[in-house]
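Have the sequence and the model open while reading.

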Amino acid sequence: MLDIATGYNKYKFLGNEFLTWIWYLIENKINIKELINSDYKTITLEIGNSLVLENSPGGKTKEKISIKGDEAGLEEGKTALKKGGVVTSISLLLNIDTEEFKFLIKGESINISGFKTPSFKPENNEEIEGAIIEKAFFTEKIYTLIDALFNKFIEKRSSDTFKDKDFHKIKKWILS
Amino acid sequence: MAFLSSTSSISRYYIEGKFDDSIMDNLQTGLKKHSIPEIENEFGEVSAGWAPFENPYKPDFNKYSFSFGTYFLFNLRIDKKSIPSKLIKKHISIEIDKRLENSGRSFLSKNEKLEIKDLVLDNLMRIIPSVPNIYEVLWNYEESNLFLFTTQKAANEVFETIFLKSFNLKPIRLFPYTMIEKKSKLSDQQKDIIYNQSSLNYLK
């Protein structure tokens, strides 16, 4: 195994490619439940109120494109993709069966922030323990789903047919 | 209890290894041994250690639980003294004036000024209280999953150091490379393919 700092820097591009792929899945209405073969009844993903892309037109300097706001259009982001940009962070609305989660995920670290779970306010000690377990359960649920999606992405990315299949579909979407 | 009421930021770890004997004993010993000192260190700039989830200001792991269902939950508390630079500047200036007045001289050497700066910093450090920062640690021991409820790099580094010292188990931060190593089911051949790739260019 590589030294942690080396591994982080050398392969952070995979995290950004992963988020770009997630945007592709959302825009093209790919069935997430079927894709990761999940036991949940429904899984839906939508883009939330933040999308950040990075582009290095000359290879050296980096250009950052931030799209923020509830009603923001994503055309500028699509233009950045057409110029070779990648998604570096994306805010997501995730619905698993009847539960809704919101969070922002960063490509290079897969850290999440602004993680909102279905609300529950405990009123006594017993309820506090229940609320802790529930929050823990939600946290693991989110990361289990992120892991399943990431594994699917790298499985595709490492497959012999990637260039002929998925790569072309994503390219077609980007250039459309 | 920010953990329950507000939005959270999370960084994630894979915990390498397991305890050889009793999980609860090992955990309690590690938490107690590296709990945050109850009495503030007068001269230290930073102090860090574990504190109970239910009461982060009373580091008593006999009184407060760290086990909730199948999860362990406790706090990492980092107390930091932060002296505003303008305050340092003011006190240095006062001290220099005092020294000049007492000695009847019109200037001080570079070494004397440095000595005054150290003295001022020591004095201010002693009187300024620490500001506590609290980050929850949620650990699913069986699954080797751990969530640290912050994404601040400095807190991550303190956590990694104290965790290893406390439990003799290595926390490996999870990001794309370590997720492939520790969480994926890719074969060595598939990993080699991935590791030899460079970033995709959809424009070619």
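**Burial, packing and contact**

Student: Is I110(A) buried or exposed?
Tutor: A residue is buried if 20 or more other C-beta atoms, placed from the backbone, lie within 10 Å of its own, exposed if 12 or fewer, and partly exposed in between. I110(A) has 25 other C-beta atoms within 10 Å. Therefore I110(A) is buried.

Student: What kind of model is this, and how are residues numbered?
Tutor: This is a predicted model, in which local features need pLDDT of at least 70, side-chain atom pairs count only at pLDDT 80 or more, and totals for chains, interfaces and linings use all residues. Chains are lettered from A and ligands numbered from 1 in the order in which they are written, and residues are numbered from 1 along each chain as its sequence is written.

Student: Where is I110(A) found, and what is its phi?
Tutor: I110(A) is in the loop between β4 (99-106) and β5 (112-116) of chain A; strands (E, at least two residues) and helices (H or I, at least four) are DSSP runs, numbered from the N terminus. Most residues other than glycine have a negative phi. I110(A) is not a glycine, yet its phi is positive, at about 55°.

Student: Is T61(A) buried or exposed?
Tutor: T61(A) sits in the loop between β1 (43-55) and β2 (63-68) of chain A. There are 8 other C-beta atoms within 10 Å, so T61(A) is exposed.

Student: How is α1(A) oriented to α4(A)?
Tutor: Helix α1 (residues 4-27) and helix α4 (residues 125-157) of chain A have axes 10 Å apart, at an angle of about 100°. Axes are lines fitted to C-alpha atoms, for helices over the stretch in contact, and angles run from 0 to 180 degrees between N-to-C directions. Angles under 35 degrees count as roughly parallel, over 145 as roughly antiparallel, 65 to 115 as roughly perpendicular and the rest as oblique. So α1(A) is roughly perpendicular to α4(A).

Student: Which residues of α1(A) meet α4(A)?
Tutor: Two residues are in contact if their C-beta atoms lie within 7 Å. On the α4(A) side, the residues are L149(A), F150(A), F153(A) and I154(A). On the α1(A) side, they are L14(A), F18(A), W21(A) and I22(A).

Student: How are α3(B) and α4(B) oriented to each other?
Tutor: The axes of helix α3 (residues 85-103) and helix α4 (residues 110-127) of chain B come within 9 Å and cross at roughly 125°. The two helices, α3(B) and α4(B), are therefore oblique.

Student: Which helix gives the largest share of the side of chain B that touches chain A?
Tutor: In the contact between the chains, 38 residues of chain B meet 42 residues of chain A. Elements that each supply at least two residues of the chain B side include β4 (71-80), α6 (176-183) and α7 (188-195). The largest share, seven residues, comes from α6(B).
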